[in-house]
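Welcome! Please take a look at the structure below, and then let us walk through it together.

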Amino acid sequence: MSGPVSGPVRSGGAGGGAAAGGEVGATCVLLLSGPNLGLLGGRQPEIYGTTTLDDHVETARAEAARYGLSVEHVQSNHEGDLVEAAHRARGRAAAIVVNAGALTHYGWSLHDALAAFDGPVVELHLSNPGGREPWRSTSVVTPVATGVIAGFGGAGYRLAIQAVAGLLGHG
Ligand code: DQA
């Protein structure tokens, strides 16, 4: 991972693309990663596996390329950064794939920002939160998501892009 320690980590596209407010087209998918996902690879590997977030993003990018799509990625431990990335995607990105981490369960400002986005929103989780602690069964993202992919580990990143490609008519 690169970027400032406390700021959002952005990657992909000249000038940061959708995430940074640059010019991107109807083929750009914004991938949002919430708190603690930057620790993937070493974080509770029995639940989340040993693959790093960078590798998951690479998987998403490679799959997107098969459908003529590109991926902009923003990871942050701060809800406001993710809210702002979703704002910048309005009118620029064609779809959002979001693994909001624990914000999934209480991040109402992220909920509202996703609701303000016009295109498809795919909620993504490595684990199946509904099968874990009771507090993980509530998602504030689900009500504004087109669909949810959960419990398939890293394959979920490929599945989420396939879902987006189908929704955008790139399938
Ligand atoms: C997660 C599930 C969330 O409950 C948790 O807080 C995460 C990761 C997942 O990908 O399985 O950080 O979103």
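## The nonpolar core

The largest nonpolar core has 45 residues, and those touching the most other members are V29, L32, I96 and V97. Such a core is a set of buried Ala, Val, Leu, Ile, Met, Phe, Trp, Tyr and Cys residues joined through C-beta atoms within 7 Å. Helix α6, residues 155–167, gives the most to this core, with six residues. Helices here are DSSP runs of H or I with at least four residues, strands are E runs of at least two, and both are numbered from the N terminus.

Beyond its neighbours within four places in sequence, L32 is in contact (C-beta atoms, placed from the backbone, within 7 Å) with V74, L82, A85, A86, I96, V98 and A100.

Residues are numbered from 1 along each chain as its sequence is written.

The mean pLDDT, the predictor's confidence in each residue from 0 to 100, is 91 for the protein, and 89% of its residues reach 70 or more. Over residues 1–5 the pLDDT is below 50. Where pLDDT is low, the predicted coordinates should not be read in detail.

## F152

Look for F152 in the loop between β6 (147–150) and α6.

Conventions
Predicted model: local features only at pLDDT ≥ 70, side-chain atom pairs only at ≥ 80, totals over all residues. Contact = placed C-beta atoms within 7 Å. Buried ≥ 20, exposed ≤ 12 C-beta atoms within 10 Å, placed from the backbone.
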